[in-house]
Amino acid sequence: MNKKDLEHFQQLIQKKKEEVKKNLDYLRSTVLDSTTREATGDHSAYSYHMADLGTDNMEREKAFLFAARDEKYLKQLEQALERIRRGTYGICRVCNNEIARARLEAVPTTTICFDCKVAESGRR
Ligand SMILES: [Zn+2]
């Protein structure tokens, strides 16, 4: 991959990273908000508003799941940036061939080419 392409993907990944970070901040504040509410709420309110609490818990659980997913993605994006720095970006970790550009555009964090991915999922 030439320098111009690498720069293109670096920008793409950087942008995604910022989006995910923003989203993660929001999710974290959602989780934090409801946790704080629960911790400071007195017990009478707790029993009177079980229905509300149920929704809250579900929202919190969802936020946790989304946050976990985002954290994982963020890590992958950082690893992709690291690969760009090292000049190994866009190279399949299995066959060492270059990964198709269209695939990288769609999934910039991928470390495996389409053929190897198919072969790998076929083994499962
Ligand atoms: Zn491959």
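Biologist: Does N96 count as buried or exposed?
Modeller: This is a predicted model: local features need pLDDT of at least 70, side-chain atom pairs count only at pLDDT 80 or more, and totals for chains, interfaces and linings use all residues. Residues are numbered from 1 along each chain as its sequence is written. A residue is buried with 20 or more other C-beta atoms within 10 Å of its own, exposed with 12 or fewer, and partly exposed in between, with C-beta atoms placed from the backbone. N96 has 10 C-beta neighbours inside 10 Å, so N96 counts as exposed.

Biologist: Where is N96 placed?
Modeller: Helices (H or I, at least four residues) and strands (E, at least two) are DSSP runs, numbered from the N terminus. α3 spans 50–86 and α4 spans 101–106. N96 sits in the loop between α3 and α4.

Biologist: What is the phi of N96?
Modeller: Most residues other than glycine have a negative phi. N96 is not a glycine, yet its phi is positive, at about 65°.

Biologist: Which residues does N97 touch, not counting residues up to four places away in sequence?
Modeller: N97 is also in the loop between α3 and α4. With 12 C-beta neighbours inside 10 Å, N97 counts as exposed. Contact means that two C-beta atoms, placed from the backbone, lie within 7 Å. On that basis N97 touches C92 and C113.

Biologist: How many Å apart in space are N97 and I112?
Modeller: In sequence, the two residues are 15 residues apart. In space, C-alpha to C-alpha, N97 and I112 are separated by 9.1 Å.

Biologist: What pattern does the chain follow along the sequence?
Modeller: The chain has five helices and zero strands. Read along the sequence, the pattern is α-α-α-α-α.

Biologist: Which residues is L104 in contact with, leaving aside neighbours within four places in sequence?
Modeller: L104 belongs to the largest nonpolar core. Its contacts are F9, G90, I99 and T110.

Biologist: What percentage of the chain do buried residues make up?
Modeller: The chain has 124 residues. Buried residues make up 10%.

Conventions. A nonpolar core is a set of buried Ala, Val, Leu, Ile, Met, Phe, Trp, Tyr and Cys residues joined through C-beta atoms within 7 Å.
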